[in-house]
Amino acid sequence: SQANFEEDGQKQPAVGHWKTLMPSKGSREESETGCQDAGGVDETQSTEQLNVSRLRSSSVEIREKGSEFLKEELHKAQKELKLKDKECERLSKVREQLEQELEELTASLFEEAHKMVREANTKQAASEKQLREARGKIDMLQAEVTALKTLVITSTPSSPNRELHPQLQSPSKAVFRKGHGRNKSTSSAMVSAASQNVTPEPVSHECKEVDSILFAEFQAWKESPTLDKSCSFLDRIYREDVGPCLDFTKQELSELVRVAVEQNTLTIEPVASQTLPAVKVSAEECGGPKKCALSGLPRTCKHRIMLGDSGNYYYISPSCRARITAVCNFFTYIRYIQQGLVRQDVELMYWEVMRLRREMSLAKLGFYPSEM
């Protein structure tokens, strides 16, 4: 509006209007009115400019304050981020330390567990060894008690046992008797008397030669002794000695006898004169004082056998008793070797095994001592 007013003022002289020096009252009033209008316009323009400048200054202040606020917030965020980074580093270190401690604890627990298992295995092995040794000693003592019972029971006034009474032996036998006599004074007197009256027979010295194959098999078995007949040493003896020696006419009873001998549950006892207990099997199966249950032949049976705890007794002839006894002696000796009770050289043990095998072979062929 101010621009229009100025343009109108400039254009008026060009139109040709006369400009009065002394304006009239009406023109004075008009001029005063125009001046007032021009002053109002100026005030309006100045107000607007002031408002604009204020707006500009306020926007600048707002921008400055906003930037300062943002800078402060950014600074705070950076500080918080640094604190969080430090906290993350601390937590990561704590986690690594915990993981390391956990690994060490796990390793120590595993090591302690393995140590406890090793100690338990060692103690178990020692206990099992002691148990085997105790069982071996018990078996040995039981065998000795059984042998002593057999010697005592078979010695009666009507039929004394010559092993318990060496003075009853003939002078020739007393000279060459092996072992220790029960009555040393009597046996020495018998020997001195016999030396005066009887000419001693020459003692034959048999020649022995180790078979390399048999000795190698025995050595291999001796390294890890077992009663499993699948090994070459026992397999040969089963085929050549044990099997033929326990092969009787009554096949079913022979198999039961073989199992009882292997399990060490066979009992042999002499036939007493008193009334025998009743048995659960027929008389034909168990035999009798005049009939052998294993061979089925009419023989005088001085002994009977019991298989385990069955309570059934079977009468056996002297020949069958000799065969069973020979096999039992062999199994007893190899059990002693397995249990570590034999403290001899390997070759001496080998020859003892060969002697027991020879007894089984002779018993199979029908040779047995007269005392049987």
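The model is predicted: local features need pLDDT of at least 70, side-chain atom pairs count only at pLDDT 80 or more, and totals for chains, interfaces and linings use all residues. Residues are numbered from 1 along each chain as its sequence is written, and side-chain values use heavy atoms, leaving out hydrogens and water. Helices (H or I, at least four residues) and strands (E, at least two) are DSSP runs, numbered from the N terminus.

**Helix H10**
- H10 covers residues 346-365 and reaches 29 Å from its first C-alpha to its last. That is close to the expected 28 Å (1.5 Å times one less than the number of residues).
- A side-chain oxygen of Asp-345 caps the N-terminal end, 3.2 Å from the backbone nitrogen of Glu-347.
- Gly-366 follows H10, with a positive phi near 105 degrees.
- Buried residues (under 20% relative accessible area, 1.4 Å probe, protein chains only) of H10 include Met-349, Tyr-350 and Arg-357.
- Helices H5 (212-223), H6 (232-245) and H9 (318-338) are among the elements that cover them.

**Helix H9**
- H9 has 21 residues, and 16 of them are buried, so H9 is largely enclosed by the rest of the structure.
- Just after H9, Gly-340 has a positive phi of about 75 degrees.

**Strands S2 and S3**
- S2 (303-307) pairs with S3 in the antiparallel sense over four bridges (pairing needs at least two DSSP bridges).
- Arg-304 has Tyr-315 of S3 as its bridge partner.
- Five residues lie between the strands of this hairpin, where Gly-308 takes a positive phi near 70 degrees.
- In a regular strand, side chains alternate between the two faces of the sheet.
- In S3 (313-316), Tyr-313 and Tyr-315 are buried on one side, Tyr-314 and Ile-316 on the other.

Key: Buried < 20%, exposed > 50% of the residue type's maximum accessible area, 1.4 Å probe, protein only. Contact = heavy atoms within 4.5 Å. Polar contact = N/O pair within 3.5 Å; in protein donor to acceptor, adjacent residues only side chain to side chain.
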